[in-house]
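Here are my notes on the model, as numbered points. Please read them with the structure open.

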Amino acid sequence: MEENKEVKQEDMNKEADEIIELKKEIETQKVQISETEDRLKRVAAEFDNYKKRSAKERDLLYNSLMSDVIAGFLPIIDNLEKAVEADTKDEEYKKGIELVLKQFKDILAAKGVVEIETVGKTFDPELHEAVSSIQDDTKGEKEIVQEYRKGYMIGNKVIRHSMVIVAN
């Protein structure tokens, strides 16, 4: 009988040891799961940051490329504007030039290109290039009084600065 008690005690000790081992293994696996979840969250956050950064870089690259292409067309637009302002006896010719100019400006507007406002505005070196200044007491300080060449921008990027005359 005592032998039977010893065998039962031994079995109970083995079971207790197994339970302790299983609990340790469970704790180890909980720690591993927690670490894996943490790594997964970090990877997800890094991927989200990557997507945002890629989208921003793509937008910057697009605007930069569009600026380069559009900058090549600006002298043509300048010449068309001069042609529209020129005196001519042939009104049909003038209407044709005006239509071509309008088409150019419509395409620029569709691509997000806008003219920089000048006359009557305050001089801003980020947008304007001062080619001359005059003294005029009727005008405000650093007020633009005349535009020599139109400036254009796409988004927040200046394609070409406006050439202006500034008062005071």
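1. Valine 131 is partly exposed, at 36% relative accessible area. The classes are: buried under 20%, exposed over 50%, partly exposed in between, with a 1.4 Å probe and protein chains only. Valine 131 sits in strand S2, residues 128-134. Helices (H or I, at least four residues) and strands (E, at least two) are DSSP runs, numbered from the N terminus.

2. A word on provenance. The model is predicted: local features need pLDDT of at least 70, side-chain atom pairs count only at pLDDT 80 or more, and totals for chains, interfaces and linings use all residues. Residues are numbered from 1 along each chain as its sequence is written, and side-chain values use heavy atoms, leaving out hydrogens and water.

3. What does valine 131 touch, beyond its neighbours within four places in sequence? The partners are Tyr148, Met163, Val164 and Ile165. Contact means heavy atoms within 4.5 Å.

4. Now the overall layout. The protein chain has two helices and six strands. Their order along the sequence is α-α-β-β-β-β-β-β. The radius of gyration is 37 Å, well over the 15 Å that the globule rule gives for 168 residues, so the chain is more spread out than a compact globule. That radius is taken over C-alpha atoms, and the rule is 2.2 Å times the number of residues to the power 0.38. Along its principal axes, the C-alpha trace spans about 130 × 45 × 20 Å.

5. Of the 168 residues, 18% count as buried. Among contacts with a separation of 6 or more, 63% join residues 24 or more positions apart. The protein chain exposes about 13100 Å², and carbon and sulfur atoms supply 53% of that area. Areas come from the Shrake-Rupley method with a 1.4 Å probe; for residues, only the protein chains shown count as cover.

6. Where is the largest nonpolar core built from? The core has 13 residues, and those with the most contacts inside it are Ile70, Leu74, Ile77, Val113, Tyr152 and Ile159. Helix H1 (2-85), helix H2 (91-110) and strand S4 (152-154) each give two or more residues to this core. H1 supplies the largest share, six residues. A nonpolar core is a set of buried Ala, Val, Leu, Ile, Met, Phe, Trp, Tyr and Cys residues joined through side-chain atoms within 4.5 Å.

7. Leaving aside neighbours within four places in sequence, valine 113 is in contact with Ile70, Leu108, Tyr152, Met153, Ile154 and Ile159.

8. Check the backbone at lysine 142. Its phi is near 60 degrees, a positive value in a residue other than glycine. Lysine 142 lies in the loop between S2 and strand S3 (144-149). At 45% relative accessibility, lysine 142 is partly exposed.

9. Asparagine 168 also deserves a look. Its phi is near 55 degrees, a positive value in a residue other than glycine. Asparagine 168 is in the segment after strand S6 (162-167), and is partly exposed at 33%. Its C-alpha atom is 6.3 Å from that of aspartate 136, 32 residues away along the chain. Beyond neighbours within four places in sequence, the contacts of asparagine 168 include Ile134, Asp136, Lys139 and Lys142.
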